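Morning, everyone. Please bring up the model on your screens, and we'll walk through it together.

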Amino acid sequence: MHNATGHHTNAAGRRAWWVAAVTGVAIIVAGAFSTMPGILQDPLRQEFHWSRGSIGLAASVNMILYGLTAPYAAALMDRFGIRRIVIAALGAVAAGALLTTTMSAAWQFTLFWGFLVGLGTGSLSMTLGTTVTNRWFTTRRGLVTGILSSGSVLGQMVFLPALSWTIAHHDWRPALVSLALAALAVTPLIRLVLRDHPADVGQRPYGSNTFIPRPAPVPGAARRTVTVLRDAARTVPFWQLAGAFAICGASTNGIMWTHFAPAAHDHGMPVTTASTLLALIGVFNVAGTIASGWFTDRMDARRLLAAYFLLRGLLMISLPLVMTASVNAPMLTFVVVFGLLDLATVPPVIALCRTFYGDDSAIVFGWTNAAHQIGAASASFLGGVARDAFGSYDPVWFALAAFCAAAAMLSLVIRLRPTASAETDKKTYASSATEQ
């Protein structure tokens, strides 16, 4: 059986894994940008004499735009295609990084890094992984979501030690140029491998026994994004997921990726050592997120979320006790466990969005991710303000521990009442899994 392009429509769908792999590469490169404000703090303060609050403001704008861009990017992918949006996003992050090397005022840092890089990385966020997974996979969705979600932290793991070393030995500008070149180098790979839909190469989604024609472009991307938000905002689960995910953002990249290195430095630890610990968190983050995706395919996502948040809260309480000038066993234990939990929340949240909102789940997750980034931005900015005010990060760790306990409660009280479209999606998934 052939389609109009001459491809076999009964192909096994193995191309999906290549598409997932190249998507992961783009997410990895975008992830490398997320930890830069943390290791740029000291160099920028020394060169420009900016306050931590000023630097944190740029990081906050970046995180907010990262979140707000994601749902619109998902709708734009339905309108113009995944490949075009990814290529444009890689160009935006490269331009933002290069322009940042020319800045001389704090507002320029906010414009170049906060605005341009925020827009680009927001289009390469976990919403991209959700869109690719929904289109190219019918089975193994939780696992693939976990793998792609770990890509951003894998980018930190791969790039962070090298970037820290570059800053320590050659200044911060060469580090940003290296990031820009990495983003540009990925673009030809995206153009060569990434396709918008399995039908483009005459294949079925992985795990499906039915060939699915490529859907027509969906016009009115901005209007659709807002409409989906309006409809989702009328449901209780959306606010429960958004609230829990906002706390997730505050207790992970909002505070850890921006303030962990300065906090460790307050205890006498060299910034390069602290950056290495962050990279080590990334190593275990990959394992934790993939494992979480595997568990999400088999367990109640709500209970998984609650367990993750409770454990993370305990870690936050312990951090002031284990942080010292040198690396010790308690600190390594913190790094390992925090790494396993860091992005483990993503697969359950995506699964719950799919359960409640069906075909609109990628956009709804994008809005949920916007709440995540608002929480992250708040922690990034207020964490710096608290450090300037109290001379210590300890109050921040304790406050975040309390919020994590609240997020665990929110996760447990979510009631499963899926929409009709989501029920159809679930039945299709179950049928294809049984047949396979």
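Predicted model: local features only at pLDDT ≥ 70, side-chain atom pairs only at ≥ 80, totals over all residues.

Rings to begin with. A search of the whole structure turns up 14 aromatic pairs. Take Phe334 and Phe338. Their rings are stacked, 5.5 Å centre to centre, with 20 degrees between the planes. Where do Phe334 and Phe338 lie? Both are in helix H15, which covers residues 329–341. They sit 4 residues apart, about one turn of the helix. Phe334 is buried, and Phe338 is buried too.

Now look at Phe356 and Tyr357. This aromatic pair is tilted. The centres are 6.0 Å apart, and the planes make 45 degrees. Both Phe356 and Tyr357 are buried.

Rings can also link up. Phe48, Trp50, Phe109 and Trp172 are joined into a cluster by ring pairs.

Next, a charge. Which ring does the charged end of Arg79 sit over? That of Phe80, 4.8 Å from the ring centre.

Last stop, the surface. Leu57, Phe381, Leu382 and Val385 make a nonpolar patch of about 320 Å². Which helix gives the largest share of the patch? Helix H17, residues 361–390, with 3 residues. Leu382 is found in that helix, H17.

Terms used. Residues numbered from 1 in each chain as written. Heavy atoms only, no water. Phe/Tyr/Trp six-rings, centres within 6.5 Å; stacked < 30°, edge-to-face > 60°. Helix = DSSP H or I, 4+ residues; strand = E, 2+ residues; numbered from the N terminus. Buried < 20%, exposed > 50% of the residue type's maximum accessible area, 1.4 Å probe, protein only. Lys NZ or Arg CZ within 6 Å of the ring centre and 35° of its normal. Patch = residues over 30% accessible without salt bridge, like charges linked within 9 Å, V, L, I, M, F, W, Y side chains within 5 Å. Areas by Shrake-Rupley, 256 points an atom, 1.4 Å probe, with all protein chains shown as cover. Salt bridge = Lys/Arg side-chain N within 4 Å of Asp/Glu carboxyl O.
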